[in-house]
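Subject: Structure for your files

Hello,

The structure I promised is below. My notes on what was found in it follow.

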Amino acid sequence: MNESISNLWSIPLFIIIPILAAILLNVLYSRKRAISVTAAVSSLALIVVSVLSPFGFHWFTGQPAVLPTGGYTYRADLLGWNLALEYYYGPLQQIAIFLASVLLLFVVLIAINSLKKNTGTYISLLFLTFMSAAIVIMVNDFYHLWIGVEIGSLIVAGVVLATGEAVSQKAALKYTFFSALSGAGLAIALALILGVTGYANISDAIIAMPLNDASLASVLYVAFGFTVLSWIYAGGLAPIHPLKADVYGSAFPHATILLQTQSKLMLVAIGLVILRLFGTLPFAKEVMLSVSVLTMMIGVVMAMLQTDFRWTLAYLIVSHSGLVTLGISLGTVQGIIGGLFQAVNDVVYMSVLLLACEGIYYFGRGTSIKTVSGIAKRAPWLAVAAIIGAFAASGVPPFNGFQSEIILIQASLNYGMPELAIVVLMVSVTTFIALFKGIYNIFLRPDDAPQAGEKQGMPVPRMLYVCLAALIFITILFGVYPQLAINFLNEAALKVVYIPWVP
Amino acid sequence: MIELNLQFLSFMAAAVLVVIGLGGMLFLDNLIKKIIAFTLLSDGVNLALVTLGYVEGGIVSILEPGTSGAAFPTNAVLIFGPGIVLTNIVIGVSTTAVLVAVTMVLYQRYGTLKASKVLKGERK
Amino acid sequence: MIDAFMVIAYVMVIGIAIGAVAALLQKDLLRAAFLSGAESIALAFLFQALLAPDLGLTQAIVATVLMPGIIIIGIFKTRRHEEE
Amino acid sequence: MGSIDSLYDKVKRFVIEFTSGKGTSSAMTGYMTGELQTVAFIMILASFFRIFSVPLGIVLLAAVVGALFFFGPMIKAMERENSSGLNRVLFWVMIYFAVIIAVTLWG
């Protein structure tokens, strides 16, 4: 690995390009052609930067401690040479940001036709969503982590509001009210950790952590509780899942792609931080495990009850977040690889399903399984895409969901918890049932409305099919060659387990 | 007997603010009142963070030309509270702005500010 | 040994508690907004007493102008009195 | 107590709970599958207690199976508790946070 000592050129670009694009798009406001050119060029630039960039660090204050041999160390006891506010760009960050920017490109291209006015403002919010996800996945200090989570939650409200429906306005209001709790909790956790260890940087804090001091242990537990609270909030885990599912279900389906990417990346990033900092505390992993098991099961049961395809998908996204956190909170190398790979796969196959849902939306009669039927005759390729997405989501072999779920099942068996493997199996089977209930009713049931020819709705944009084809290609690629993704994730998992102070 | 010094009293004030804020968010029905309760909650958290760093009989942690370098690290107020709170105040203002904007839109739609009517859980 | 500055700080602590309760008990939302602003100004004085003058200044600006301003705009666009 | 008659009544009530209300076919299958899922899930949760002691796990499992049958369809309560009312979510978050802190502090 060619990790460089000096500040990496590419890391500021991941923040600056989205912000500049957002400002420019806000100014352009509703000039369609200029907006589409600007947005496409900016997101292409993000993809190019994420592919070309080497691995390395960026420090805002402080320096790494340099050894006489020319290498550098993470020793916190060298005064004046402390790491401080720090970003890291490694293999995990590379694949996460690459996928997120590819999805950003697709979403932006589809979103241009979605709003009659204020298109520029809406797309600038999408760029800021990407920015908050990139901040949180790259960060190695609490301060930027906190800011990223706070900005992210505010922007989610903005993206959801863009649909202009009553449901989405209510969802945005409720979600923003809760940002008070989670943001305040993360701030208090940050203050407690700063008070106990004296460092805002996570590497420094881990080394300076007074694990043997019994009088400070309770402070650490409270900090752990508040961090878990913000983790639950940012990722939509068990007690806050109704609000997050409202957010997913009431945004435009294409916007939900970016929202779920953001929350999966936040789950991975904050989960790894909790594991690195508090993994040695007793009962920490058990708390995280119970949160993820509850999320999985409640999410999937609630998905069974929905009669609208959007809401089924919304609860399934929540439930599959539980799969990601299950792998991370097992704390073994295999488990973490499984969790990270599940996050990557989840983002891809849920995007396939959400784009299919967007396609149904264009036929003009909503996405409820009671009123919509017989789409397969009019859009056969959309039906094929939705079925492939459903197979991938429920872990059928040639697609990518299978590869990560088998790693998760093996990891939980090796951990000595066969019940967790049963839960994972139950989740994938129920995902299949819930999705096919919707897909059968929407695509395959014969059209009961005799005047179906009258309500043709909008034409489905050609771009949607191109994006679906690209995403299905990635789905099958990761399903056949899982090593393509796992090679990126190995290093992060090994570092978290064996040398947690290295980002 | 707990000594009634400034730090203890400030913690009490912060606890009162947090409890009143949470209670207001839970039990009050008016949306504007809920937003005011939210500002009280974030004020309470800010106060708690500042009080955590307070040192009895300390000095402000700004290195002025007159201050002696030796006494500064031991006497100065811990800097982490102010560092976080400064950001938290700004975030609180922007969150309040978003909340008020959404409330205005919801009022135009429903004609009422009662949370029990506006936020009724009808999904369709 | 209590000097005048500390007395002010104690008064501010009591003022915060009373202001917070009083703001939420009002039927008139405009008065509630002003009372919460007063509570925030008391908080600014308390920040000063807790040796964080930079925060005191920021909080004073936010409490006098921004926070009540935003809420008052909201009240003027909706309604002033709480409905039964 | 425990006679055939009362058991029959209980089963009848159990079935009628499903068919009343949203008794359309597509919603109905969802409710039935969801109920089965919930029952299986709660039994799995009960079996987690084998970590502490095996006999306790067996007793708890039996108790949970009895309780599930007694309290009728779980899915209605589940759906009610998972609605997105602001106060309900706030309440559950507070309970959750208290449990997390209690488990880690005194666990």
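The model is predicted.

Next, a helix pair in chain A. The axes of α11 (residues 284-305) and α12 (residues 309-330) of chain A come within 8 Å and cross at roughly 160°. Angles over 145 degrees count as roughly antiparallel, so α11(A) is roughly antiparallel to α12(A). The crossing of the two is left-handed. On the α11(A) side, the contact is made by residues including A:Met288, A:Val291, A:Thr295 and A:Gly299. On the α12(A) side, the contributors include A:Tyr315, A:Leu316, A:Ser319 and A:Leu323. By type, the residues of this contact divide into 13 nonpolar, 9 polar and 1 charged.

Last, the contact between chains D and A. Chain D gives 31 residues to it and chain A gives 38. Which helices of chain D each supply at least two residues of the side that touches chain A? They are α2 (25-47), α4 (74-81) and α5 (86-106). The largest share of that side, 13 residues, comes from α2(D). The side of chain D that touches chain A divides into 17 nonpolar residues, 13 polar and 1 charged.

Regards

How values were computed
Residues numbered from 1 in each chain as written. Chains lettered and ligands numbered in written order. Predicted model: local features only at pLDDT ≥ 70, side-chain atom pairs only at ≥ 80, totals over all residues. Axes fitted to C-alpha atoms, helices over the stretch in contact; angles between N-to-C directions. Helix = DSSP H or I, 4+ residues; strand = E, 2+ residues; numbered from the N terminus. Parallel < 35°, antiparallel > 145°, perpendicular 65-115°, else oblique. Left-handed = near helix turned anticlockwise from the far one by under 90°. Contact = placed C-beta atoms within 7 Å. Nonpolar A, V, L, I, M, F, W, Y, C, P; charged D, E, K, R; others polar.
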